[in-house]
Amino acid sequence: MKDFANQTDRFSTQRMAQVALVAVSFLATVLVSMVVPVASASASTTNSFVVSGALSGTLKIGPVTSCSGSTTNAQLSSFSTTLSSKKIKNWSITISLTKPGAAAKKFNSSTATFVLQSGLNGWGATKGTMTLGNSSGKVNLTLGAHEGSASGIVHIKGSWKCAG
């Protein structure tokens with residue numbers, strides 16, 4: 001009879017270990033499924049501008065970002081993030097085209113302007129590609145023209161679509 005009692009205790013311990021293993025596996029699966037969508041959403045380049053070169057970081061359009069535009073101009077400001085500069089914090093982007101589609105294939109400074117600016121400091125586009133739609137657009141530009149105390153070459157790539 002003693003042996004039977006010991007076997008029952010061993011069976012209970014094994015069963016509890018199996019239940020605990022299943023519970024831990026289930027919990028891990030739930031946690032991973034909650035984290036994965038957040039990670040993949042942050043990798044998106046829509047509504048953000050990746051900046052590299054003399055400045056670096058990502059400017060993201062957030063809930064308080066001012067975003068307006070048409071097929072010939074756009075204005076974006078009050079981004080939810082900032083760039084690497086310690087002195088300059090408030091960034092804006094101003095885009096202007098002489099006619100719709102003027103910069104779609106190859107950026108030309110006689111038909112288009114793109115300025116990344118903070119206060120009196122600005123970097124203007126010198127080459128690359130840019131498309132502008134009604135309250136949306138896409139850029140892949142090199143910024144080499146300077147205003148104020150801006151210096152260095154900056155690359156900017158991204159796309160946006162204004163809400164509303």
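Colleague: What makes Phe49, Phe79 and Trp160 a cluster?

Modeller: In this predicted model, ring pairs link Phe49, Phe79 and Trp160. The structure holds 3 aromatic pairs, among them Phe49 with Phe79 and Phe49 with Trp160.

Colleague: Why is the pair of Phe49 and Phe79 called edge-to-face?

Modeller: A pair of aromatic rings is described by the distance of the centres and the angle of the planes. The centres of Phe49 and Phe79 are 6.1 Å apart, and rings pair if their centres lie within 6.5 Å. Their planes stand at 85°, and planes over 60 degrees apart count as edge-to-face. The pair is therefore edge-to-face.

Colleague: Where in the chain do Phe49 and Phe79 lie?

Modeller: Phe49 is in strand 1 (residues 48-53), and Phe79 is in the loop between strand 4 (73-77) and strand 5 (92-97). The two are 30 residues apart, so the pair links distant parts of the chain. Both Phe49 and Phe79 are buried.

Colleague: Why is the pair of Phe49 and Trp160 called tilted?

Modeller: The ring centres of Phe49 and Trp160 are 5.6 Å apart and the planes are at 40°. Stacked needs under 30 degrees and edge-to-face over 60, so the pair is tilted. Trp160 lies in strand 9 (residues 154-161), 111 residues from Phe49 in strand 1. Trp160 is buried, as is Phe49.

Colleague: How do the strands pair in the sheet, and in what order?

Modeller: The open sheet has 9 strands in the order 2-1-9-8-7-6-5-4-3, with antiparallel pairing.

Colleague: What makes strand 2 and strand 3 edge strands?

Modeller: Strand 2 (57-60) and strand 3 (66-69) each have a single partner strand, so one side of each is left without a neighbour in the sheet. On average, neighbouring strands of this sheet are turned by 20° against each other, direction ignored.

Colleague: How do you know that strand 5 and strand 6 pair?

Modeller: Two strands pair if there are at least two bridges between them. Strand 5 and strand 6 (residues 112-118) have 6 bridges, in the antiparallel sense. Ile95 has Phe114 in strand 6 as its bridge partner.

Colleague: Why does Thr142 count as buried?

Modeller: The relative accessibility of Thr142 is 14%, and buried means under 20%. Thr142 therefore counts as buried. Thr142 lies in strand 8 (residues 136-147).

Colleague: What makes the approach of Thr142 and His155 a polar contact?

Modeller: The side chains of Thr142 and His155 make this contact at 3.3 Å, and the cut-off is within 3.5 Å. Beyond four places in sequence, Thr142 is in contact with residues including Gly124, Lys127, Ile153 and His155.

Technical notes: Residues are numbered from 1 along each chain as its sequence is written. This is a predicted model: local features need pLDDT of at least 70, side-chain atom pairs count only at pLDDT 80 or more; totals for chains, interfaces and linings use all residues. Side-chain values use heavy atoms; hydrogens and water are left out. Rings of Phe, Tyr and Trp (its six-membered ring) pair if their centres lie within 6.5 Å; planes under 30 degrees apart count as stacked, over 60 as edge-to-face and the rest as tilted. Helices (H or I, at least four residues) and strands (E, at least two) are DSSP runs, numbered from the N terminus. Buried means under 20% relative accessible area, exposed over 50%, partly exposed in between (1.4 Å probe, protein chains only). Axes are lines fitted to C-alpha atoms, for helices over the stretch in contact, and angles run from 0 to 180 degrees between N-to-C directions. A polar contact is a pair of N or O atoms within 3.5 Å; within protein, one must be able to donate a hydrogen and the other to accept it, and residues adjacent in sequence count only if both atoms are side-chain atoms. Contact means heavy atoms within 4.5 Å.
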